[in-house]
Amino acid sequence: MIRTYGLGKRFDGVWGVRGLSITVEPGSVTMLLGPNGSGKTTTVRLLATVYRPSEGDAEVMGLRLTRDYRRIRRLVSYLPQEVSLYNMWTPMDAVKWVLVARGYSRGVASSIARDWMERLGIWEYRDRKGWALSGGMKRRVLLAMALAPESEVVFLDEPTTGIDLSARVDIWRVIREEARGGRTILLTTHDMMEGEALADKVVLLHRGRVLVEAPLKTLLDEFPYRYKVILHSMPNGVDAPVIPVGDRYMLLVRSREEALEILSQAGGVGEVSKTGLAEYYLYLSGGSDGEA
Amino acid sequence: MGRLNSVLGYAYLSMLWIIREPIWLLNGFVWIVGFFMIFHFWGGSEALINYTVVIITAGYWSMGLNVGGQEYGWNKITRLEEYYIASPVSFGDYFIGITMGMTATSLIYSLPVFLIAHQLGVLHLMPLVILLGAYLVFVGTATSVVIISRVKNPMNISALTNTVSTVLSLVPPLYYPATALPKPLDALSSLLPHVAATEYVRSIVGIGSALPPLHNLLIMAGWGLGLLILIHRYVTWGWE
C-alpha cells in the first residue's frame, strides 16, 4: 500500500504539487489523471524517490519515504514519462542488461527478458537496433524494462504515449494482469479513456492538488450528469452546467430525456452521448486545463 | 553477487555504443597508427616510446572525461538516470560500472599500442601504464560527473566534454616539452592528473621527466581523494 500525507514539492517558489494525501491499494491500478502541468509526474517522481519532498511524507509498503527512501528503491520500478531508448541498443540489450544492472544474474535476466518481450510482442524484434524500431515498439521496450524487475510497486508515467489504440489495449491487458497478480501500480495519464479502461481507483489532479480520489466505479456512479449534449448554439432558459468548447457548448444533464429535450429546443442540431471521466474532470475543474 | 552483477551490468551498458557500432574502433585504430607513423617520422624510436606511454595516459583520461562524462550526461538527458535511481542500485555501483566500462573500452582501443610496444621492446611498461590508465579513467569520469551533476540542462554536454578533453589532452609536456608554455602555465599543467601519470612513467623508465616521482604521486593521490570528496559532497542520486 502507498499512502501520502500532505506531500508537496516546490520548485523555485512554485508548488508542483501540494497537500497531496492519497492512498494506493495493494494489487490494484490507481490512475493519476489530469492534464499537462497538473502534477502527475511530480507526484510519481516523489514516490519513485527521484525528488525529495518539500513538505509532507509518504508510506510505501510500510516504509517511510523521508526516512527509508533507499529501502523503498528496492521495492519499486519506474518508467519515466520522457525516457528514451538509445538508438544503438536492441530490445534484448535494454531489457536484459538493465535487469543485470539491478543485480540479476545474466541467465535469470535473459529468461525474464524473453518472457516480457514475448508478453509485450517485441520478441521477434529483440536484436533490432533502436533506430530501426517504431515509436510504439520503443515504448513497449521501455515498458518491459519497468515491468520485468520483480518489484512490488510499479510507477508508470504515461506508459502508452505515442502508441496506437490496439497496442494500447494489449498493454492495458498486461498491466491489469500484473495488478491481479498482486503488484501495486500507480499510473499517470491524461487520457481519460485509458483511465476508464484500466483504473481500479482514480485520483483527479488539477494544478497540483487533488480534485477527487475515489474508486472508478464509485466516481462514475456518483457523477449526477450521465449525459452530455453538444450544441452549436445555446438555447435560452436551459439550467445545466455548460462547458464552452470553442464555438460549441457541452451541456451536462442528468438523463437521456433531459438531453433530448434540450436538443429539441436547440432545433435538433447537436449530439447526445453518455458522459465519462473526461466530462467529470471538466465539470470539477470548471472546464479549464491545468497549465500554469 | 547482486552488486557485482550491477557493476557488470552498467559496465556492459556503457560499452554498448562500441559493441553495437564497432566501426568506432576502426576510427580509433586509424588515429593511433597514423600518429605512430608521424612520431616515427619526426622523432624516431624515442618519440615512439614517449607516444606509447602518452597515447594511453592521455587517451584513458580522455575516455573518462569525455565518453564517461557523456555516458552520465546522456543518461540524465534521456531520463534513464531516473529509471536507474528507482532501483536497488546505488550511485557507487553505477559509477564503478561506468568506470569499468570505460576502462575496458580503452583497453580494446589500446590493442595496436600493445603491438607497437612489443616491437619497441617496451611491453614490460604496459602493466604500469595500464594501471595508471585505469586510475585516469576513474579521475576523468569523476571530474565530468562532478561538473555535469551541477549542470541543470546538460543538453550541450558532448560539446563541453569534447572540448575540455581535447584541450587538456594537448597540454605539454604530454606531446611536446613544457618549455613551450609560459612558466605559470607550465606549473599549472604539471598539476593535471594525466600529466602527473605520464611524467611518473617517464621518471621510472628514465625518458626525460622534469618532475620528481613523489610530486607526481602526490598530484595523483590529491586528485583521487579530492574527487571522492567532491562526489560525496555534490553528486546526488535522485532525492533532489
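Buried residues are those under 20% relative accessible area, exposed ones are over 50%, and partly exposed ones lie in between (1.4 Å probe, protein chains only). By this rule A:R168 is buried, at a relative accessible area of 12%.

The model is predicted: local features need pLDDT of at least 70, side-chain atom pairs count only at pLDDT 80 or more, and totals for chains, interfaces and linings use all residues. Residues are numbered from 1 along each chain as its sequence is written, chains are lettered from A in the order in which they are written, and side-chain values use heavy atoms, with hydrogens and water left out.

The pLDDT is the predictor's confidence in each residue, from 0 to 100. Chain B has a mean pLDDT of 91. In chain B, 100% of residues reach 70 or more. Helices (H or I, at least four residues) and strands (E, at least two) are DSSP runs, numbered from the N terminus. Among the elements of chain B, the highest mean pLDDT, 97, belongs to helix 4 (residues 91-109) of chain B. The lowest, 83, belongs to helix 8 (residues 183-189) of chain B.

Chain A is assigned domain 1 (2-215) and domain 2 (224-275), with bounds from an automatic or database domain assignment. The centres of these domains of chain A, taken over C-alpha atoms, are 38 Å apart.

Contact means heavy atoms within 4.5 Å. Chain A gives 37 residues to the contact with chain B, and chain B gives 30. The area buried between the chains is about 3100 Å²; buried area is the accessible area (1.4 Å probe) that two parts lose on being put together, summed over both. Carbon and sulfur atoms give 61% of the area buried between chain A and chain B. In chain A, A:R73, A:Y86 and A:W97 lose the most area to chain B, together 20% of what that side buries.

A salt bridge is a side-chain nitrogen of Lys or Arg within 4 Å of a carboxyl oxygen of Asp or Glu. Four such bridges, by the rule, cross the interface of chain A and chain B. B:R20 forms a salt bridge with A:D93, the closest N and O atoms being 2.7 Å apart. Helix 3 of chain A gives the largest share of the side that touches chain B, 5 residues.

Over all chains the count is 22 salt bridges. A:D191 pairs with A:R168, the closest N and O atoms being 1.8 Å apart. A:D191 lies in the loop between strand 9 (184-189) and helix 7 (192-198) of chain A, and A:R168 in helix 6 (residues 165-180) of chain A, so the pair ties together parts that are 23 residues apart in sequence.

A network of salt bridges links A:R119, A:R173, A:E177, A:E178 and A:R183. A:E177 and A:R173 form a bridge at 3.3 Å between the closest N and O atoms. The two are 4 residues apart in helix 6 of chain A, so about one helical turn separates them. A:E177 is partly exposed, at 28%, and A:R173 is partly exposed, at 40%. The bridge between A:E178 and A:R183 spans 2.8 Å, N to O. A:E178 is buried, at 11%, and A:R183 is buried, at 9%.

Two serines were also examined. A:S285 lies in helix 10 of chain A and is buried, at 10%. Beyond its neighbours within four places in sequence, A:S285 is in contact with A:H206 and A:L211. B:S169 lies in helix 7 (residues 157-169) of chain B and is buried, at 10%. Not counting residues up to four places away in sequence, B:S169 touches residues including B:W61 and B:H194.
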